Amino acid sequence: MLVLAVFIALSFALYVFYKVKYVRSRRPAEKEWISAKSRMALGAFIFFFGVNQLFLYSGTITYVISALFIIIGGISIWAGMKAYKYFLPRAIEESEWIKSHQN
């Protein structure tokens, strides 16, 4: 399915984008916040890949492996969202502290 292929490519591109931002960032809280976003993108990639396999192939092994991918992707998205919510206020606070102490 073309729609799932687009979601797979988009989520992988976002994962690579956030990993590059993670490496370039120097602030600890911001790094963790960006890492949470990349974790969600990787989880979406795995989730959509598992869903895509259900449409491409049929068989017991495919269903089991797809279910594992969907579960692992969902858990990764959920953990990334929890980390994102946790680190967002800290990243904002860190950014404001750095701005106030630059002068």
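Which residues do ring pairs link into a cluster? In this predicted model, the cluster consists of Phe12, Phe45, Phe49 and Phe69.

**View 1. Ring pairs link four phenylalanines: Phe12, Phe45, Phe49 and Phe69.** Across the whole structure, a search finds eight aromatic pairs. One of them joins phenylalanine 12 and phenylalanine 45: the ring centres lie 5.5 Å apart and the planes meet at 50°, so the pair is tilted. Phenylalanine 12 sits in helix α1 (residues 2–24) and phenylalanine 45 in helix α2, so the pair ties together parts 33 residues apart in sequence. Phenylalanine 12 counts as partly exposed, at 41% relative accessibility. Phenylalanine 45 also counts as partly exposed, at 23%.

**View 2. Helix α2 packs against helix α3 with a left-handed crossing.** Helix α3 spans residues 60–100. The two axes come within 7 Å and cross at roughly 160°. An angle over 145 degrees counts as roughly antiparallel, and α2 and α3 therefore run roughly antiparallel to each other. The contact of α2 with α3 holds 22 nonpolar, nine polar and six charged residues.

**View 3. Asparagine 52 is a buried residue of helix α2.** The helix covers residues 28–56. Relative accessibility of asparagine 52 is 10%. The cut-off for buried is under 20%, so asparagine 52 counts as buried. Leaving aside residues up to four places away in sequence, asparagine 52 touches Met1, Leu4 and Ile8.

Terms used
Residues numbered from 1 in each chain as written. Predicted model: local features only at pLDDT ≥ 70, side-chain atom pairs only at ≥ 80, totals over all residues. Heavy atoms only, no water. Helix = DSSP H or I, 4+ residues; strand = E, 2+ residues; numbered from the N terminus. Buried < 20%, exposed > 50% of the residue type's maximum accessible area, 1.4 Å probe, protein only. Contact = heavy atoms within 4.5 Å. Axes fitted to C-alpha atoms, helices over the stretch in contact; angles between N-to-C directions. Parallel < 35°, antiparallel > 145°, perpendicular 65-115°, else oblique. Left-handed = near helix turned anticlockwise from the far one by under 90°. Nonpolar A, V, L, I, M, F, W, Y, C, P; charged D, E, K, R; others polar. Phe/Tyr/Trp six-rings, centres within 6.5 Å; stacked < 30°, edge-to-face > 60°.
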